[in-house]
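Have your viewer ready and keep the selection panel within reach. We will go from stop to stop, picking residues and looking at what surrounds them.

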Amino acid sequence: MNIGMTSGTHTTTRGLPELVYSGHVIHDRHELLSLTDMWRASGSPEDRRPAEWLRSADAQRFIDALGLMSDVGNSHTALVETKKGGPRQGTWAHWQIALAYAKYLSPEFHMWCNTVVRERMQTQSVSVPADLVELIERTDGICRMMIGKVAGIEKALPILVAQIATEVLPSMVSAAMASQTFTVRRGKTAGQIWRDHGFPRVRITGWFGNRLAAMGCAIEGGGRGELGLTTARLFDPDKADAWLRNGGRMMVERKIAERKGQGALRLVGGHAPA
């Protein structure tokens, strides 16, 4: 005797395994089961047809009691339906009514329905309110939109940081320095200021001096100091300190990283790549 739910290619239109008892498929539709299929599966006893049982007093009392249950009686699906013609013809009923009918058909069939059919139908009966489904779908849409925006920000962030370092910060520093009053204690060369701030030994002090001059750190009047047999530009160390605190250090460290990267590309023998 073939009793149980088949798998593999024997599935319903919803992808669920078919309910099969004694080689007969018992079709289900949402919360309804085909009482006609159940009658055929139990051997088609003439005195136990679905219509005969539904007219009985026991069946009517059970259906009335089920209709009073708030979670079943308020369902949009009718408790009992009769279809004439078409692939779904026959008598259909709510699965709890179908289990009562299974007890009427035979003890063996009732036991099978209480395990296989009950588990299947109770799982399907768990429904999500329409407003909750709408809320979930709306939240999912918002999350997807935010993920797209975050991805766009991640792509634009390096460009934005570079623009801030090269365009925004210099103008902000210049404006901040212009509003401050500095008392010149003594002038220092670009190399001295470089060493005072602990920057590594990299040959970009010329670039550093030009940046100090561009940021307004040069001694007024073009002051110069002696450096061996030559002279060097002198800069206000207080103004240089202010510039480095307000974004200049970021520019210097970026330049150092670029110069170190260029040095790493040099070939053996000291020749730069063509």
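Let's begin with charges: a search of the whole structure finds nine salt bridges, a salt bridge being a side-chain nitrogen of Lys or Arg within 4 Å of a carboxyl oxygen of Asp or Glu. Before you click, note that this is a predicted model, in which local features need pLDDT of at least 70 and side-chain atom pairs count only at pLDDT 80 or more, while totals for chains, interfaces and linings use all residues. Residues are numbered from 1 along each chain as its sequence is written, and side-chain values use heavy atoms, with hydrogens and water left out.

**Stop 1**

Select Asp28 and Arg120, whose closest N and O atoms are 3.1 Å apart in a salt bridge. This pair links distant parts of the chain, with Asp28 in strand S4 (residues 28-29) and Arg120 in helix H6, 92 residues apart. Helices (H or I, at least four residues) and strands (E, at least two) are DSSP runs, numbered from the N terminus. Both Asp28 and Arg120 are buried; buried means under 20% relative accessible area, exposed over 50%, and partly exposed in between (1.4 Å probe, protein chains only).

Glu81 is buried, as is Arg29.

For a contrasting setting, go to Asp58 and Arg61, which are both exposed. Their side chains meet in a salt bridge at 2.3 Å, N to O. They are separated by about one helical turn because they are three residues apart in helix H3 (residues 57-68).

**Stop 2: the sheet**

Switch to cartoon view. In which order do the four strands of the open sheet run? The order is S4-S5-S7-S6, with antiparallel pairing. S4 and S6 stand at the edges with a single partner strand each, so one side of each has no neighbour in the sheet. Two strands pair if DSSP finds at least two bridges between them, and two bridges join S4 to the antiparallel strand S5 (residues 32-34). Click on Arg29 again: its bridge partner in S5 is Leu32.

Next, show H5, which packs on the sheet and touches S5, S6 and strand S7 (90-94), its direction making about 110° with that of S7. Such axes are lines fitted to C-alpha atoms, for helices over the stretch in contact, and angles run from 0 to 180 degrees between N-to-C directions.

While you are in S6 (residues 80-83), pick Lys83. Not counting residues up to four places away in sequence, Lys83 touches Arg29, Arg88, Gln89, Gly90 and Trp92, where contact means heavy atoms within 4.5 Å. Lys83 is partly exposed, at a relative accessible area of 36%.

**Stop 3: charges over rings**

Then select Arg48, which lies over the face of Tyr104 at 4.8 Å from the ring centre.

**Stop 4: aromatic pairs**

The structure holds ten aromatic pairs. Rings of Phe, Tyr and Trp (its six-membered ring) pair if their centres lie within 6.5 Å; planes under 30 degrees apart count as stacked, over 60 as edge-to-face and the rest as tilted.

Show Tyr21 and Phe109, an edge-to-face pair at 4.8 Å centre to centre with 65° between the planes. Tyr21 is in strand S2 (residues 19-21) and Phe109 in helix H6 (residues 107-125), 88 residues apart. Tyr21 is buried at 6% relative accessibility, and Phe109 is buried at 0%.

Move on to Trp53 and Tyr104, a tilted pair at 6.3 Å centre to centre with 40° between the planes. Trp53 lies in helix H2 (residues 50-54) and Tyr104 in helix H5 (residues 95-105), so the pair ties together parts that are 51 residues apart in sequence. Is Trp53 buried or exposed? Trp53 is buried, with a relative accessible area of 6%, whereas Tyr104 is partly exposed at 27%.

Finally, select Trp194, Phe199, Phe208 and Trp243, which ring pairs link into a cluster.

Key:
A charge sits over a ring if NZ of Lys or CZ of Arg is within 6 Å of the ring centre and within 35 degrees of the ring normal.
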